[in-house]
Amino acid sequence: MKSTTFDQPAKDAAAPAVLRSSRASFGAFVRRPEMGSLIGLVAVFAFFGVFGGENFMSSGGAASWLNVASELGIIALPVGLLMIAGHLDLSVGSVLPASSMTVAIVSGYNHAPMIVGILAALGLGLAVGFVNGVLVIRTKLPSFVVTLATLFAVAGLTLGLSVILTGSTSVALRSPPAAKLLLGDYVGGKFQVSLFWWLAVVVIVGFLLNYSRYGNWILAMGGDAVSARNAGIPTDRLTISLFMGSGLCAAFVGMAQAILYNSAQVAAGQSFIFNSIIAVVIGGVLLTGGYGSVVGIVLGTLTFSIVNQGIFYTGFDANWASLIIGILLLLAVLMNNTFRNMALSYAPRKKVRVQP
Amino acid sequence: MKTPILKLTAINKSFGPIDVLHDINLEVHPGEVLCLLGDNGAGKSTLIKVLSGVHTPTSGTLEMNGAAVSFSSPREASNYGIATVHQFGGTFPLMTIGRSFFVGVEPTKSWGPFSIFDRAKANAIAVTAVRDMGITRIDDGDRLVGGLSGGERQSLAIARAVHFGAKVLILDEPTAALGVKQATHVLRIVNEAKRRGLAVIFITHQVMHAMAVGDHFAVLIRGAVAADFRKGEKTREEITDLMAGGETMANLEAEIEAHQATHDGHAPQANA
């Protein structure tokens, strides 16, 4: 591609000098897409800080919601990327227990080396993601339907195969110390090591979305898949890769849970289907794609986890947590719409007319 | 006479039994604006889609600079330097100006072992390109495309096509959704593209806009070129009349009356 414009002298010599960064002013800061989720997080934290008392604010309290956030966050980030690209992945809810069972059956029940079980579990996540991606591309069905189908298919396979292979729906797993230390231990007796893995996923996904060209591809594909393809973006490969990413991360959490709890159950993980979507949507990602940020997803994950765990530190009945989450979700989406419209209407204060 | 950059000879396009384009012959020259006029359903959109690689013609030849070409995809057409800008300009309203300008061709710089998207460079080039085309209100590449006015979005899309070396610029009803003032901005940009030596195909059904920038006019009626003339050869009234059907319309009315007289008052079937 040849540049044809830079050779020409700018009519307005001051033009390049007026380039501004949107981060410079307070107005621009308020218009950042994650502003709505930040306000939500602060409000929720303040609420439970007041009603949850000292226990909620203690390191034990922090650990309880951070641990939940870390597992949810590892899945919510790649699911969020998919949603920005215009897709959904519900199958994470059955990839997680399938991966738990895989590592437990391979390394626990059959006594294969731990690394084999871990690789088999992660491979399973990649494989389900690949199938999701290919099905979405080939059938052109909405990914909601495709991944709903694979959600049930994988759940059925997991249950069926577990019973055939082990005669049981839960399998014990004894991990070697190295695997335990890296994947399923508590730091300081309270904080799960998955927190560090979550940080790693934040860095990787943040890099992909904000600093690599793939981020631009994902945003463009979510905005308009046909135009993106016409612009030369390999949308098919990108779609498959993103589904493999969410499959891999769901499998990672399932595998780490099996190592943490020393056993695997067929029925774990269903809660992650909606929880990941809720975290992503609270985080300001547009459900129809094309808009969202990593910081927002992280804030949404924290908000969700605080509500989910914070309720136990208040005097309220824990049954009310879902009600709060429902209301919060609605408020968050409304607020995010407002902030998105503010971002759209953002214009420089000084209006310059088109040159005559 | 010099070789046209794009030449259509006897282009036909049918979808199954329905003929949409009949024997289209057209020439487009660099530094000229060809205005494609016609009512809704006259085949303008189909013709654009043939030119931009969305549809392949059923028969006929397409030549670029004298050599026969055929496009199997929009990507291939754009590799030949044919860029299409649709009515609403950029299709990524929630992306920033800098990002949407470089979709698919992102500038990168290396950062250790990684190659990272060069946001500052993308923004600077995009803003400069748009300002060079005369839209000076855009000065921040981090603004979202959806926050721009319709005219600004058109201008951004045109600036993008020009920047990436388009030789033939197809503008699909760029002024249809715009107010008078906004439309004037877009027309000014069309002129700027022409001044830079691009061939512009300007699709519209607003004769005023066509007269303002066109060098060469073609009127499409029911899939055929009903008139092909150069600037100054016809008045505005004549063109409007042509677009509305003109003589063909009068013929048609006579035909329908004759048909109704012999068929108990039933109108003839379309495409019969």
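What percentage of the 356 residues of chain A count as buried? The value is 50%, a residue being buried if 20 or more other C-beta atoms, placed from the backbone, lie within 10 Å of its own.

This is a predicted model, in which local features need pLDDT of at least 70, side-chain atom pairs count only at pLDDT 80 or more, and totals for chains, interfaces and linings use all residues. Residues are numbered from 1 along each chain as its sequence is written, while chains are lettered from A and ligands numbered from 1 in the order in which they are written.

Display chain A, which has 14 helices and 4 strands; these are DSSP runs (helices H or I, at least four residues; strands E, at least two), numbered from the N terminus. Select residues 294-310, helix α13 of chain A. Of its 17 residues, 16 are buried, so α13(A) is largely enclosed by the rest of the structure.

Select β9(B) and β10(B), which pair in the parallel sense over 5 bridges. Val168(B) stands opposite Ala199(B) in β10(B).

Finally, select residues 180-195, helix α6 of chain B. Its buried residues include Gln182(B), His185(B) and Leu187(B). Just after α6(B), Gly197(B) takes a positive phi of about 90°.

Definitions and conventions: A residue is buried if 20 or more other C-beta atoms lie within 10 Å of its own, exposed if 12 or fewer, and partly exposed in between; C-beta atoms are placed from the backbone. The expected span of a helix is 1.5 Å times one less than its number of residues. Two strands pair if DSSP finds at least two bridges between them.
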